[in-house]
Amino acid sequence: MLRTLRIRNLATIEDLEVELTPGLNVITGETGAGKSIVVTSLGLACGDRADASLLRAGADRAVVEAAFEPEAPAAVAARLDAAGLDAAEGEVVVRRELAASGSGRTLVNGSPTTVGALREIGDLLVDLHGQHESRGLLAPERQLEILDTFGGHADALARVEAACAALASAADLLARRQALAREGQARELALRETVRAIGEAAPREGELEALRRERAVLQNGSRVAGLLDETIAALDEAARVRAAERRMDELAAIDPPLDTLSGRLAAARVEIEDVRDTLTAYRDARDFDPARLDAIETRRVAIERLLLRFGPDEADALRLADEAAAELRTLANIDAEVEAAAEARDLVARRYDDAAGDLTRLREESASRLGRAVEHELAPLALPKARFTVVLAPRGGTAHPRGNERAEFQLAANPGEPPRPLARSASGGELSRVLLALHVASDVAEDRRVLVFDEVDAGVSGAVALAVGARLARLAAAHQVLCVTHLPQVAAHARSHYHVSKRARGGRTHTAIVVLDGEARVDELARMLGGKKTTEAARENAAELLEEARGGRR
């Protein structure tokens, strides 16, 4: 849901903040007061195209901030992650800045992003329907999504998605096998050379580093040999330590507390003798022959050259040799491998065709039911003769994870007219009512987007206005709904009622918004019923409207 919306320096709004509630929220006010600016601002917060002309006169920057608590947090978090944005524990806070210079900023959860990414996120948060444009239900893929949700096709769609993924994997394997076959002898020669070169060198992991260390020792051979001899000779003086140890034993016999020193001398002697023996073994094993240095240098150069081709280290070269050998085994039987991959691809393709065909049949049946359901809702909304159809058209091309067809909603608003795509078949007010009927008929509660209707009641009154209000209230049981309205029959159904007004102050026009409750709300409904002069009869009618709406909600 949308928790808060703050607007600064936009049109006639200097600084306005509104906190919204679950259920139905309505905005009323005199014509030109700025009601639709609230909807425009929400559109900007969801990625609509900005226009510098929207800035308040004299301001160099306008700001719209919106805080959402998504009802489908997993889907929104995935979209945020794909855009490199922080999910912020399920909250989405949008800040959209418009500048008079034309450069603005877009931030989501404090991180900058593009307007395109914001629109993708906004599509998961809000369905916005106005007199002159709509986002959400008019998007082609969204219409298919609505049809699938209405028909309960989740399991069938999951089978199609899985089959499509398996088909893509099988097709990729076949393509790689076919490419390998086309490369033929040239590829085989290159692989054999790789295996030969690495096999002949037979590098061991860590060998190059060991060679470099030994090379450094041998390059300083005479110095190392001399130091070893001198160190070993010095350590041979351990015999003196043994003599001191015997003297200390005699002292300890006379004065027992000195026994600990005797033990320390014994430990020191053992450690010195061990170091001497280790160094002696190191000296005896070391070959300081210049021929050994030549052999090491030759081996070092050979390994370095090998790793320049197949490295960066010995483990990489050995792994590459194993992979080349495995590919050679595949090449030896490449024709059979291609044939097996083609058969596997064809098998998975048949499974995809079966799953997609089952989904198509389900969609055809659901399309007919959805058309009838929407027409049933249109009749009370001043469109009794309208015909609503769901047309399924082939996608063409390769297999698609959402099946073989697209869905397009079409409407014939009046008898004798041919059905046309929804966006081009109705006037602004009619389109809003058609989309309202579609929301009610399809009852797409799973996505739980915020539903926004601007002037959905344009051009209607009386029983139609009551029908509009009742349907908005039905939607509000499962969704947060925001509606700009001129009709008291609609406003009476709201859980929260906001009044927008404008007044001149200091030579400037200012727009304000307040929450109406109690008598203030009755007065506003009476104004909407009776015009500028509010009569007692209008107040009584307003109170009756509120009571009837409460009864309907109960």
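Why does Asp172 count as partly exposed? Asp172 is assigned to this class because its relative accessibility is 42%, where partly exposed denotes the range between buried (under 20% relative accessible area) and exposed (over 50%), with a 1.4 Å probe and protein chains only. The structure is a predicted model, in which local features need pLDDT of at least 70 and side-chain atom pairs count only at pLDDT 80 or more, whereas totals for chains, interfaces and linings use all residues. Residues are numbered from 1 along each chain as its sequence is written, and side-chain values use heavy atoms, with hydrogens and water left out.

Asp172 lies in helix H5 (residues 154-201); helices (H or I, at least four residues) and strands (E, at least two) are DSSP runs numbered from the N terminus. Between Asp172 and Ala341 the C-alpha to C-alpha distance is 9.5 Å, although 169 residues separate the two in sequence.

In helix H1 (residues 35-45), nine of the eleven residues are buried. Among them are Ile37, Val38, Val39, Leu42 and Leu44, as well as Lys35 and Ser41.

Strands are taken to pair if DSSP finds at least two bridges between them. Strand S3 (residues 24-28) pairs with S14 in the parallel sense over four bridges, with Asn25 opposite Leu482. Strand S13 (residues 450-454) also runs parallel to S14 and is joined to it by four bridges; here Val452 is the bridge partner of Leu482. S13, helix H14 (residues 462-476) and S14 form a right-handed β-α-β unit, right-handed meaning that, with the strands pointing away from the viewer, the path from the first strand over the helix to the second runs clockwise.

The largest nonpolar core contains 56 residues, of which Leu378, Phe388, Leu436, Phe453 and Leu472 touch the most other members. Such a core is a set of buried Ala, Val, Leu, Ile, Met, Phe, Trp, Tyr and Cys residues joined through side-chain atoms within 4.5 Å. Helix H13 (residues 428-442) supplies the largest share of this core, eight residues. Apart from this core lies another, of 42 residues, including Leu5, Leu20, Phe68 and Leu128. When residues up to four places away in sequence are not counted, Leu378 is in contact with Leu383, Pro384, Ala386, Phe388, Leu411, Arg433, Val434 and Ala437, contact meaning heavy atoms within 4.5 Å.
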